[in-house]
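Here is a short report on one protein model. Look at the sequence and the 3D view first, then read on.

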Amino acid sequence: MQEKKYKLHNMFKTKRLFLILIVQFSFLFYIFALPSRIVSLAPNGTEILYELGCTSKIVARTDFCDYPSQVLALPSIGGFDGKSFSIETILAYNPDFVYMVDGMHNHLEDLLKQFNVPYYLSKATSIDAVFEEIADVAKIMECQEKGDKLVFRMKKELDAIKRSPEKRPSVYCEIFASPYMSIGKSSFMNDILEFAGARNIFEDLSQSYPQISEEAVIAKNPDFIIVPYYSPDQINLMYKRHGWNNISAVKNHKIYAIDADIFSRPGPRVVDAIKMVQDIIWSDE
């Protein structure tokens, strides 16, 4: 058997246990039964649960779990950052399953183990990983057929729109400006650009969200600039940045805001994210 790195969650010491093997993230979960009281801290996880027909099992969410609109009627435990709420807030909803995001909620792992609360840690850094996460969650929720159909539909839609041009337009995606931060090769959003037929100017960097210099952006001279979080006023200020006037995207007025929720969430709306990027970079065709 091929060696795997497992995190073993010894949550329930009883013969009634059954195993769910989470392959993508190498987590081994011990769960009493089908989860019926889910606290979702993951916006992408909330969307996956909805697509699997499991919204009724969610008893609480975060402020950022805002799609689809039906979930807005659910109580919120606070912001997305796990440090903005306490373990007591989560436990107040008597959850039998907590859906979390790697890098944001890891500090809650030991606490949930102490209280014997199973959890899933989302770490989808590519489109393929999104498919695997959907399959994993479908197994947990005992709706594998729905999961298979969802993944099949998404893959079919992706095959229909994926572009592989000989020359890919270069794109700078700005996540923050102070300090400057973009996306690297291991970011989910890098995959979005690639499927859309574009080239991330920082695809040579291994970090998911590397800090970069202003000089590096200027030197790489991107054809397009995409900003997921900026307002029209902020975009106008980008055109006035010192030294940026010779960047192709600036000279040709190719700076675009994009829906951050769709673009940055590794979930069922990846096809919509790719289409949004394609509408920007291939609009002249």
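## A covered helix

Helix α6 is mostly covered, with eight of its nine residues buried. Helices (H or I, at least four residues) and strands (E, at least two) are DSSP runs, numbered from the N terminus. Buried means under 20% relative accessible area, exposed means over 50%, and partly exposed lies in between (1.4 Å probe, protein chains only). The buried residues of α6 are Phe 188, Met 189, Asn 190, Asp 191, Ile 192, Leu 193, Phe 195 and Ala 196.

Both ends of α6 have a detail to look for. At its start, a side-chain oxygen of Ser 187 comes to within 3.0 Å of the backbone nitrogen of Met 189. A polar contact is a pair of N or O atoms within 3.5 Å; within protein, one must be able to donate a hydrogen and the other to accept it, and residues adjacent in sequence count only if both atoms are side-chain atoms. Just after α6, Gly 197 has a positive phi of about 95°.

## Basis of the model

This is a predicted model, in which local features need pLDDT of at least 70 and side-chain atom pairs count only at pLDDT 80 or more, while totals for chains, interfaces and linings use all residues. Residues are numbered from 1 along each chain as its sequence is written, and side-chain values use heavy atoms, with hydrogens and water left out.

The protein has eleven helices and 13 strands. Of its 285 residues, 50% are buried. Contact means heavy atoms within 4.5 Å. Among contacts with a separation of 6 or more, 58% join residues 24 or more positions apart.

## The cores

A nonpolar core is a set of buried Ala, Val, Leu, Ile, Met, Phe, Trp, Tyr and Cys residues joined through side-chain atoms within 4.5 Å. The largest one holds 54 residues, and Leu 52, Ile 192 and Val 277 touch the most other members. Helix α4 (residues 127-140) gives the most to this core, with eight residues. A second, separate core has 16 residues, including Tyr 172, Phe 202, Val 217 and Ile 235.

What does Val 277 contact, leaving aside its neighbours within four places in sequence? The list is Ile 192, Leu 193, Ala 196, Ile 226, Ile 258 and Phe 263. Of these, Ile 192, Leu 193 and Ala 196 are among the buried residues of α6.

## The largest pocket

The largest pocket has a volume of about 850 Å³. Of its 27 lining residues, Phe 80, Val 101, Met 104, Tyr 209 and Ser 264 are the closest to its centre. On a 1 Å grid over the protein atoms alone, a pocket is an open set of points where a 1.4 Å probe fits, with protein on both sides within 12 Å along at least five of seven lines; lining residues have an atom within 4 Å of a point. Grid points are joined across faces, edges and corners, and the volume is the space filled by probe spheres set on the points.

Helices α1 (43-51), α6 (188-196) and α10 (260-264) each supply at least two lining residues. Helix α10 gives the most, with three. By class, the lining has 15 nonpolar, eight polar and four charged residues. Ala, Val, Leu, Ile, Met, Phe, Trp, Tyr, Cys and Pro count as nonpolar, Asp, Glu, Lys and Arg as charged, and the others, Gly among them, as polar.

Most residues other than glycine have a negative phi, and most peptide bonds are trans. Here, a cis peptide bond joins Tyr 67 and Pro 68, with omega about 0°. Pro 68 lies in the loop between β5 (58-60) and α2 (87-91). Another cis bond joins Ser 178 and Pro 179, again with omega about 0°. Pro 179 sits in the loop between β9 (176-177) and β10 (180-181).

Asn 94 is not a glycine, yet its phi is positive, about 50°. Its loop runs between α2 and β6 (97-101). Asn 94 is exposed, at 54% relative accessibility. Asn 116 also has a positive phi, near 55°. This residue is in the loop between α3 (109-114) and β7 (119-122), and is partly exposed at 35%.

## A buried lysine

Is Lys 254 buried or exposed? Lys 254 is buried, with a relative accessible area of 16%. Its place is in the loop between α9 (248-251) and β13 (255-257). Leaving aside neighbours within four places in sequence, Lys 254 contacts Asp 223, Phe 224, Ile 225, Tyr 239, Ala 249 and Asp 284.
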